[in-house]
Amino acid sequence: MDMNFNRIPDHVKNIHIMAVCGTGMGALACMLKEMGYNITGSDQNVYPPMSTFLLDKGIHLLNGFNEENIHPDTDLVIIGNAVRKNNPEAVTVKEKNICFCSMPQALNHFVAKEKQTILITGTHGKTTTASLMAWLLFTAGLDPSFMIGGILQNFNSNYRIGSGNYMVIEGDEYDTAFFDKGPKFLHYKPSLAVLTSVEFDHADIFRDLDHVKAIFKNFVARIPKTSYLVAYDNDSNISEIIPSADCTVERYGMCPDAYWRIGDETHAPAALETTFSVFMQNQKVGHYATPLLGHHNRMNILSVIALAEHLKIPHKTIREALLTFQGVKRRQEIRGEKNGITVMDDFAHHPTAVLETIRAVKGACQNGRLVAVFEPRTNTSMRQVFQSVYPHAFIDADLICIRKPPLLEKVPEDERFSSEQLVSDLKQRGKNARFFPDTESIIDFLEKEARSGDVILVMSNGGFDNIHERLLACL
């Protein structure tokens, strides 16, 4: 690609978006459409629910990549990171010298450039933290814009264009595009930022933990000096990274010397509510309540409260936002209840996320078992990277169902994760664990095994063959 054409022209009317059915790219397409641009989009697999969502928003969808999809009147092509350089549309863009850019370049130029960016980053908790921040700003009457990697239940959307001064962005450490292999979050200049955690993940992108830390270190070093960063305290990797920052940094967590700290926690399992106090430099600043489950979510909340205090948002407004926040789809989302059996959906896939999610949900199981159903589907979980770590992640589950990875052929044979080995390791720890070759066998087993009072927690970053609805239909 001629990088002289990696720019956004002064006058843009017609925009084509490649790989438009991705969560972020689809949101960007809708935002640009709402702003008055003519939008076309193409993708390799155009199917519901994203295809229906985009068509309902007036986006002209093209199934498959074809050089004819690039109309002569196209002013700009936005290229998603799933697109390879030999893609026929990318080749056409190159041959015809059409201006092109990446998703974060487009988001910066068209939506965020006149606003103060609030950037939420980290290996875990980004989506929930960013969503809660967006809802808090909305509750405070600040009319925020946002682009987030999950559907906010309060808005039934993962994007919004507001008239206020703030733009909330979930900062993705994934690569930007085939012509820009740097992480997406390096494109943003946040006024406020959160760093939730730093662990190894995305084995298809990063070599090892040191590679991940180097990426986050670069990010922290680039935050403008006038900006404000809150970073989780009980993370040694973050502690290594933070000295690179030139901006104001405040740590949050449970440590006695944390700048922002939670204390006075009281759990009311019957009401599924936790109350807690927040301390700033050991001075109590407020008392709050949340229906969100788990220690990890209280840490997410604490980081948002730190930002809200920095923005001088009243405590009353913060309390209201916490109690009215409806959560994010696929994050501890209850999909339904049948004969006293609850089916819950969660995006957890990294062993730390699996551990914290199971621990959180277990605390809400009053009269039955926690049945953990796990599909290793990500590029990392299908590899041996965490083979020895996953057994500990399921320690609080009562019954564990592990599916064979559905896309294992994508991974070299000597690097593949073994679900059978995980089940064997869990049994050695005294856990009731079962291996299943496919989704159908899990459904058949749970139809007979599940009983009233059980919570079936389904964890996967994919659709899992619509297991949630199929379970509810047969229980």
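Biologist: Is Tyr259 buried, partly exposed or exposed in this structure?

Modeller: The model is a predicted one. In it, Tyr259 has a relative accessibility of 25%, so this residue counts as partly exposed. Trp260, by contrast, is buried, with a relative accessible area of 2%.

Biologist: How many aromatic pairs does the whole structure hold, and how is a pair of aromatic rings described?

Modeller: A pair of aromatic rings is described by two quantities, the distance of the centres and the angle of the planes. The search of the whole structure finds 18 aromatic pairs. One case is formed by Tyr259 and Trp260: the ring centres are 5.9 Å apart and the planes stand at 55 degrees, so this pair is tilted.

Biologist: What are the distance and the angle for the rings of Phe374 and Tyr390?

Modeller: Their centres are 5.4 Å apart and their planes are at 45 degrees, so this pair is tilted. Phe374 belongs to strand β20 (residues 370-374), while Tyr390 belongs to helix α11 (residues 390-393); the pair therefore ties together parts that are 16 residues apart in sequence. Both Phe374 and Tyr390 are buried.

Biologist: Which residues form one aromatic cluster with Phe374 and Tyr390?

Modeller: The cluster consists of Phe200, Phe374, Phe386, Tyr390, Phe394 and Phe417.

Biologist: Where does the charged end of Arg261 sit, and where does that of Arg331 sit?

Modeller: The charged end of Arg261 is placed over the ring of Phe279, at 4.6 Å from the ring centre. For Arg331, the charged end lies over the ring of Phe347, at 4.4 Å from the ring centre.

Technical notes: Residues are numbered from 1 along each chain as its sequence is written. This is a predicted model: local features need pLDDT of at least 70, side-chain atom pairs count only at pLDDT 80 or more; totals for chains, interfaces and linings use all residues. Side-chain values use heavy atoms; hydrogens and water are left out. Rings of Phe, Tyr and Trp (its six-membered ring) pair if their centres lie within 6.5 Å; planes under 30 degrees apart count as stacked, over 60 as edge-to-face and the rest as tilted. Buried means under 20% relative accessible area, exposed over 50%, partly exposed in between (1.4 Å probe, protein chains only). Helices (H or I, at least four residues) and strands (E, at least two) are DSSP runs, numbered from the N terminus. A charge sits over a ring if NZ of Lys or CZ of Arg is within 6 Å of the ring centre and within 35 degrees of the ring normal.
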